[in-house]
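Good morning, and thank you for coming. Please look at the sequence and the model as I bring them up.

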Amino acid sequence: MSGGPDLAIVGAGPAGLAAATTAAEHGLNAVVFDEQAEPGGQIYRGIESVAAARNAHLAVLGPDYAAGLELVKRFRASGAEYVPQAAVWQIDAGRNVYYRSRGDVRIINAKQILIATGAMERPLPVPGWTLPGVMTCGAAQTLLKSTGAVPAGRFVLAGSGPLLLLIATQLLRAGVQPAAILETRPNYRAALPHLPRFIATPGYLRKGLAMLAQLRKAGVPFKRGVRQMRILGDERAREIEYEWRGRRERCAVDLVLLHQGIVPNANLALSLRCEHEWNERQRSFRPRLDAWGNSTVPGVLIAGDSGGIIGAKAAELSGRIAALSAACSAGRIGLDVRDRLARPLRRTLAHHLVVRPFLDAFYRPRQETVAPRDDDTVVCRCEEIRAGEIRRLVTGQGCPGPNQMKSFVRCGMGPCQGRLCGLTVVELIAECRDVSPAEVGYYRIRPPVKPVTVGELAGLDLDR
Amino acid sequence: MFRILSDAGGATVAVLIDGRPYQAPRGCTAAAAALLAGESATRTTPVSGVPRAPYCMMGVCFECLMEIDGVPNQQACLIPVAEGMRINRQHGKAAVQP
């Protein structure tokens, strides 16, 4: 179709916004599709509203959040087109983008695609994690950013990762105190070799220690090395039970906030058949990309955390680098200009990536965390398939992989399309078969990657 | 389960949650409104009928499926509230309206 954009970007987080801004600077006609009502992605969620209507919350959320405002402002001024509340349910090999935005269902054809769908929280399947009153730490942070809402009643944060500490301190600044932080054990020994470079990188260690100091000062009980968590309750979460220092303990709760790091939000890239590989360090799959963010599918670039977890600052830089590549492919800038402009970006990117090996090793989830021991643990939340059943199908029935698991019991075939069970199913199968997750592979993800009604499909104008 | 901070700005819109009037913060999502209104469960599952509630609040888990303005299976965490919006809990499988 003539008149389609030069570059269609999916996701308005740091990578997508930075890419759109850079693309527009170099004369590309860029359009950004995003599910939310405001730009910023999950990391800068609601930043415009917070700055405009509840400025006091900028201090609660901290300077790293407030920094997103500048990025969003530059994007708004860039001339790039922005389609909010848009669910992109399919991109086909011809780079046709199928989407719905506020009841409007459309297809546009783009010359190039940039996937910047970011990250999602790694599933943390423990018995009782499907009960009302159990959410992710990210969910609580979203409520704080987008609505100015905080947990009411007694709550704990459980799991591990930098984001867990961050949200705990943000909630403290908002005036609510967690009853406890239950941290699954980090990997001191594996992280040790990476410690010198982590310490040598300004900013990160200081930030981490400041968060821990703030929690200590507030008197939040911090239990490190918690194992075998289970959440108890009938219609909702009432208690969390866990092992700590060799003893079983129980804690009454109204709300449990789980977190075990973040993983690429990969369904759109997977549905496009972009090749993915197992990333042992991050215990997740990531797309195979070149130094410019080009995926294995021609004309499809991937930037930010959806290309492997790199953090917000690095995501922004990877978005700019990918946009330079897109501008070059479109003939707007030459190879020399592309390389010259990318050089300083790559230097800063390398600086931010220095801390990753330490963070990845320190917070790498343990086997018992990613492959739940308790047979009763729900793995596929949509189809209600439990760990015991998955193990039984692999060892007893010879079910070899996640795609066969679909045929056996519909595991991963509910509305979330495997997003919340995929990695757990892969880890369980790999453990039972005593092979690497790389060998097991992942679900074959097919469009539509977001739900679309028959009525909406019927209303599509296909005679373009 | 959640409450609004006192300095969050007071603008609200009137919605109906399971038929009960509720003043939801302007700009919040239907799922946030349900949580703030005190709903612990926002649906029961089609498989075994157990209660579920919003889990990720960012559009990936599909636990927050609700019936909004008569349309079932809506991701309530992605839909901002609007004046008069009818937000209903969903019980088991969604029914198809002919």
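How many cavities of 30 Å³ or more does a search of the whole structure find? The answer is four. Please keep in mind that this is a predicted model.

Let me begin with the largest cavity. The space within the largest cavity comes to about 160 Å³. Its lining is made up of 13 residues, and those closest to the centre are Val263(A), Pro264(A), Ala266(A), Leu423(A) and Tyr442(A). Which elements supply at least two residues each to this lining? In chain A, they are the strands β18 (262–264) and β20 (284–287), together with the helices α11 (267–271) and α18 (422–433). Sorted by class, the lining of the largest cavity holds nine nonpolar residues, three polar ones and one charged one.

At least two lining residues come from each of β4 (86–91) and β5 (96–101) of chain A and β7 (71–75) of chain B. Which strand gives the most to the lining of the second largest pocket? That strand is β7(B), with five residues.

Finally, consider the classes of residue in the lining of the second largest pocket. Here we find 23 nonpolar, 15 polar and 11 charged residues. Thank you for your attention.

Methods: Residues numbered from 1 in each chain as written. Chains lettered and ligands numbered in written order. Predicted model: local features only at pLDDT ≥ 70, side-chain atom pairs only at ≥ 80, totals over all residues. Heavy atoms only, no water. 1 Å grid on protein atoms, 1.4 Å probe; cavity = no way out; pocket = protein on both sides within 12 Å on 5 of 7 lines; lining within 4 Å. Points joined across faces, edges and corners; volume = space filled by probe spheres on them. Helix = DSSP H or I, 4+ residues; strand = E, 2+ residues; numbered from the N terminus. Nonpolar A, V, L, I, M, F, W, Y, C, P; charged D, E, K, R; others polar.
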